[in-house]
Amino acid sequence: DGGVETAEEAVEPAEPDINELCTDMFEKMAIFLQGELTGTCEDYRLLENMNKLTSLKYMEMKDISINISRNLQDLNNKYASLQPYLDQINQIEEQVSSLEQAAYKLDAYSKKLG
């Protein structure tokens, strides 16, 4: 029977060149995978640093907004304390306007007499 292989024919020892090539391939594959993992680790470190920086910026923005809120509240309180004086100024302005109108009428009347 020429078509049937025996176990001895199928189990030939591998040639030394093939073993060296496989070893070389596995070494290069290990170097490649190590490089890929190193790149991924660096990406994660960069992302971590960016997250820390972003967190610090948000904390600064929070502090700034708290200060703005405090200052706005102070301004509102000052405006509220000035409101009675502003009302008095408006009353005085209305009275001055009435006096001015009266002065014009008096002037016109005195011109008619004179």
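## Starting at Leu86

Leu86 is partly exposed, at a relative accessible area of 31%; on this scale, buried means under 20%, exposed means over 50%, and partly exposed falls in between, with a 1.4 Å probe and protein chains only. The residue belongs to helix H2, which covers residues 16–113. Helices here are DSSP runs of H or I with at least four residues, strands are runs of E with at least two, and both are numbered from the N terminus.

## How the model is read

This is a predicted model, where local features need pLDDT of at least 70, side-chain atom pairs count only at pLDDT 80 or more, and totals for chains, interfaces and linings use all residues. Residues are numbered from 1 along each chain as its sequence is written, and side-chain values use heavy atoms, leaving out hydrogens and water.

## The chain as a whole

The protein chain holds two helices and zero strands. Of its 114 residues, 0% count as buried.

Side chains of opposite charge can pair when their charged atoms come close. A salt bridge is counted when a side-chain nitrogen of Lys or Arg is within 4 Å of a carboxyl oxygen of Asp or Glu, and the count comes to five salt bridges. One of them links Lys28 and Asp24, at 3.2 Å from N to O. Lys28 and Asp24 are four residues apart in helix H2, so about one helical turn separates them. Lys28 is exposed at 52%, while Asp24 is partly exposed at 32% relative accessibility.

Further along, Glu60 and Lys57 meet in a salt bridge at 3.9 Å, N to O. Their spacing in helix H2 is three residues, about one helical turn. Glu60 is partly exposed at 44%, and Lys57 is partly exposed at 44% as well.

Asp107 pairs with Lys111, with the closest N and O atoms 3.5 Å apart. Both lie in helix H2, four residues apart, or about one turn of the helix. Asp107 is partly exposed at 36% relative accessibility, whereas Lys111 is exposed at 61%.
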